[in-house]
Structure formats: C-alpha cells, structure tokens
Amino acid sequence: MTSTAQAPGPSTSPPRRRRRTTRSARPRNVAVALAAGVALIAGVVFALRDDGDGGGGGKDAARATAPAALPPDAISATSRPPRPGSPATATGEFITAKSSGAVIGRGSDPRRFKVMVEEGTGVDAKRAAAEISAILADKRGWTSDGKHSFQLVADGPSDFEVKIATPDTVDEICGAVGLDTHGEVNCDAGTQIMVNLKRWNTGSPEFSGPISGYRALIVNHEVGHRIGHGHETCPGKGKRAPVMMQQIYGLKGCAANEWPYSANGRYIEGPAVP
Ligand SMILES: [Zn+2]
C-alpha cells in the first residue's frame with residue numbers, strides 16, 4: 001500500500017452518514033494492516049503490507065488491487081502462531097461495546113466510532129473501547145492538531161467501527177471486499193477497521209515495546225488512513241518512524257514509533273510512499 005496522494009479507490013466504503021464539508025477525498029482504503037503495517041494484496045496475490053490499515057477505504061482498496069511484491073521474510077515475520085487465548089476462529093458474531101464517551105479532541109465535527117469484538121475471542125469489548133479511546137485521546141495522537149475529533153458511541157450511526165476479530169473472520173470480511181488478509185493482517189473494509197486478533201494480542205516482530213504500544217500503532221495507523229493519510233517511509237536513520245509507515249515490513253533504520261505527533265505537537269513525518 002502506498003500513499004496519500006492516490007485517488008479514492010473502489011467504493012468499499014459507504015458514504016459517511018454525517019455531512020462534512022471541509023473534507024475532501026476521504027480515503028476509502030481497504031487496507032490491511034498490521035499496524036505497522038501489513039498491507040494487502042489483492043487478487044490472487046496478497047500483499048500483506050501494512051497496514052494495519054484500513055486505511056480508509058478506497059485508497060487502500062486501490063492499492064490492494066495491485067499485486068505487490070512482498071519480501072518473503074515479511075510474510076514469515078507475521079506468521080507467528082497465535083498465543084493461547086487467540087483462537088483462529090470464533091462465532092462470527094460481534095459484541096458492541098456498550099459504552100459511549102465524550103468528544104475526544106477539539107475539532108468541531110467529531111467522527112463517531114464504535115468498538116466491536118467478536119464473541120469468543122476473549123477480548124472484553126468495554127475494555128477494548130476504553131483502550132482505543134485512550135489512544136485517540138493521547139496528546140501525541142491525531143487530535144493533537146486541534147482539527148480532528150472522535151467520539152465513542154454505543155449505538156446509532158457511526159463513521160467507522162473498529163472490530164477486533166479472529167483471523168478467520170477478518171479474512172471473511174476483508175475477503176468480501178476483495179482483500180486477502182491471509183489470516184495475518186488487518187484490513188479496512190468500508191467503514192470497518194478489521195483488527196486481526198493475532199496482531200492485537202501478539203503485536204509484531206518489528207515492534208519491541210509493550211503490547212499497548214503496538215495496539216496504539218494499529219489504531220493510529222488505521223485511523224490515520226480514515227482521516228486521509230497515506231503511507232510514509234523512514235525519513236532518516238535513527239529518526240522515529242512515522243506512524244503511517246508500514247513498520248512491520250522493516251524499519252529502514254528508523255526507530256519504531258506508534259504516535260503521529262511528538263509530545264510537543266510536531267508531526268512525525270516521512271517521505272510519502274508513492
Ligand atoms: Zn496502511
């Protein structure tokens with residue numbers, strides 16, 4: 001998957017329910033994501049690339065349709081067996097976190113989101129919702145620019161849903177929009193950010209920090225696509241990897257990083273990936 005400048009791809013994303021006049025091309029990526037990214041592939045071949053993305057809908061979807069060369073080690077790197085408690089399959093039914101929150105961030109047009117967990121995964125929906133909300137509320141998160149805002153909702157319309165599901169369910173939902181997640185990666189299918197339970201529970205070999213950090217990378221990367229960001233790459237040896245970099249495929253000399261902004265509000269950027 002690649003970058004920001006692409007035109008919206010296949011319409012896997014339903015139109016946003018709420019009107020927004022300031023935003024232009026909303027990415028409709030279907031992307032995959034391993035937070036750091038694994039992305040995807042399309043067609044027969046799959047590209048596991050990043051993402052952790054879901055990146056928006058169309059954008060990643062478009063990327064996903066182009067066969068991507070995937071280094072074999074990138075695949076193996078994502079192929080760790082699940083830990084006990086991370087089943088490959090479950091019921092296929094989702095439990096929506098019955099919690100709602102205040103608006104996160106100062107932006108005047110908050111994106112409403114739900115957190116849903118597949119029944120049988122052992123993940124507590126409410127706790128996951130709290131964790132995801134805290135990631136979005138972090139001062140190093142996307143709301144740092146004062147323009148973006150989010151709000152957790154338990155029902156009613158939503159702009160996107162973060163769904164944590166077993167690899168089989170992720171494959172099924174992502175496969176329905178033409179993405180092969182291969183039991184390993186996340187994807188963005190329409191308004192659904194599909195988070196592979198294996199990634200949520202076990203992280204990535206390219207990320208040595210705590211699992212909470214890797215979850216932040218998944219959420220920030222995918223939500224980054226949702227608000228229009230494409231992929232970026234390492235800006236230079238020893239620097240922090242942009243959150244929109246597909247870090248799971250290697251850090252290229254950068255240091256792993258899960259936040260879009262530094263603690264003092266500077267965007268941690270890198271060259272756009274064409
Ligand atoms: Zn991505």
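Threonine 233 touches Met245, Lys252, Gly270, Pro271 and Val273, leaving aside residues up to four places away in sequence; touching, or being in contact, here means that two C-beta atoms, placed from the backbone, lie within 7 Å. The structure is a predicted model, in which local features need pLDDT of at least 70 and side-chain atom pairs count only at pLDDT 80 or more, while totals for chains, interfaces and linings use all residues. Numbering starts from 1 along each chain as its sequence is written.

Threonine 233 sits in the segment after α6. Threonine 233 counts as buried because it has 21 C-beta neighbours inside 10 Å. The cut-offs behind that label are 20 or more other C-beta atoms within 10 Å for buried, 12 or fewer for exposed, and anything in between for partly exposed, with C-beta atoms placed from the backbone.

Histidine 229 belongs to the segment after α6 as well. With 26 C-beta neighbours inside 10 Å, histidine 229 is buried. Its C-alpha atom is 7.3 Å from that of methionine 244, which is 15 residues off along the chain. Lysine 252, already met as a contact of threonine 233, is another residue of the segment after α6. Lysine 252 is partly exposed, given 14 other C-beta atoms within 10 Å.

Backbone angles deserve a word here. Most residues other than glycine have a negative phi. Lysine 252, though not a glycine, has a positive phi of about 50°. Histidine 182 also has a positive phi, near 55°. Histidine 182 is placed in the loop between α4 (167-175) and β7 (186-189), and its 22 C-beta neighbours inside 10 Å make it buried.

Stepping back to the whole chain, there are six helices and eight strands, where helices (H or I, at least four residues) and strands (E, at least two) are DSSP runs numbered from the N terminus. Read from the N terminus, the order is β-β-α-α-β-β-α-β-β-α-β-β-α-α. Of the 274 residues, 56% are buried. Counting contacts between residues at least 6 apart in sequence, 70% link residues at least 24 apart.

As for helix packing, α3 (residues 125-137) and α6 (residues 211-226) meet at an angle of about 65°, and their axes are 10 Å apart; axes are lines fitted to C-alpha atoms, for helices over the stretch in contact, and angles run from 0 to 180 degrees between N-to-C directions. That makes α3 roughly perpendicular to α6, a label that covers 65 to 115 degrees. On the α3 side the contact is made by Glu131, Ile132, Ile135 and Leu136, and on the α6 side by Arg215, Ala216, Val219, Asn220 and Val223. By class, this contact has six nonpolar, one polar and two charged residues; Ala, Val, Leu, Ile, Met, Phe, Trp, Tyr, Cys and Pro count as nonpolar, Asp, Glu, Lys and Arg as charged, and the others, Gly among them, as polar.

Leucine 136 touches Ile104, Gly141, Trp142, Thr143, Phe150, Val219 and Val223, again not counting residues up to four places away in sequence. The largest nonpolar core has 51 residues, and those with the most contacts inside it are Val115, Ala128, Ile132, Leu136, Ile164 and Met194. Such a core is a set of buried Ala, Val, Leu, Ile, Met, Phe, Trp, Tyr and Cys residues joined through C-beta atoms within 7 Å.

How values were computed:
Angles under 35 degrees count as roughly parallel, over 145 as roughly antiparallel, 65 to 115 as roughly perpendicular and the rest as oblique.
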